[in-house]
Amino acid sequence: MDSQPLDLKLIGDIIERFQKKKGTLIPLLQAIQEAYGYIPKETVNLVSKALKIFPVQIYEVLTFYAQFRLTPRGKHTLKVCLGTACHVMGGKDICDYLASQLEVKPGGTTEDGMFTLERVACVGCCGMAPVLVMDEQPFGDCTIQQSIELVEKYRAS
C-alpha cells in the first residue's frame, strides 16, 4: 500500500507551531496525524531533534494512546465487535472470515488501501449482536454473508 510522501516543509511548519510550547508532544503528534492520517516513521526523528527528546520517548506516547496510528489507514475502517454478546453470537467467526477474504490480519490494511480491519472490545450495541461498524456506522444482527455484502457495497462506491 502506498503512503503519502513526506512533505518536509509541512512537517517543519507543524513542528515550528508547537516547538516553543510546554506539553507540546501530544498536540504536535495529533497535528502530524491529522495531516497524514497516521504518524510516518520518518517524522519521529524530526520531532525528536526539534523537542530535544529521545525517539523512544515519542514511541512510548505513540504506543500508549490508542488514538495514534503508526501505519496508513484504509479508505474505510471496518470494526468487528468482539464484546461478550457479539463474540457469543458469532463476531469472532465474522472477524476471521473477513480477515481471510480481505487477506489482512485484524489491525491491518488491505494492500489496495481500501479497508482497515479492526477488532474492538465493545461498541455498546449488545442488543444488536453481532455488530460491525463501517466508518462509524453500526450494522447489527450481522452474518458472515452480510459482512461480505457490506464490504462489496463499500468497495463499489
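This report describes a helix pair and a sheet with its packed helix.

The model is predicted: local features need pLDDT of at least 70, side-chain atom pairs count only at pLDDT 80 or more, and totals for chains, interfaces and linings use all residues. Residues are numbered from 1 along each chain as its sequence is written, and side-chain values use heavy atoms, leaving out hydrogens and water.

**The helix pair**

Helices (H or I, at least four residues) and strands (E, at least two) are DSSP runs, numbered from the N terminus. Helices α2 and α4 pack with their axes 11 Å apart, at an angle of about 70°. Axes are lines fitted to C-alpha atoms, for helices over the stretch in contact, and angles run from 0 to 180 degrees between N-to-C directions. The two helices are therefore roughly perpendicular (65 to 115 degrees).

Contact means heavy atoms within 4.5 Å. These residues make it:

| Helix | Residues in the contact |
|---|---|
| α2 (residues 25-36) | Leu-25, Ile-26, Leu-29 |
| α4 (residues 55-64) | Gln-57, Ile-58, Val-61, Leu-62 |

**The sheet**

An open sheet holds 4 strands in the order β2-β1-β3-β4, with mixed pairing. Two strands pair if DSSP finds at least two bridges between them. The edge strands, β2 (115-120) and β4 (137-139), each pair on one side only. Neighbouring strands are turned by 25° against each other on average, direction ignored.

Strands β3 (residues 132-134) and β4 run antiparallel, joined by 3 bridges. Leu-132 has Phe-139 in β4 as its bridge partner.

Helix α7 (residues 144-156) packs on this sheet. It touches β1 (76-81), β2, β3 and β4. The direction of α7 makes about 0° with that of β3.

Notes: Angles under 35 degrees count as roughly parallel, over 145 as roughly antiparallel, 65 to 115 as roughly perpendicular and the rest as oblique.
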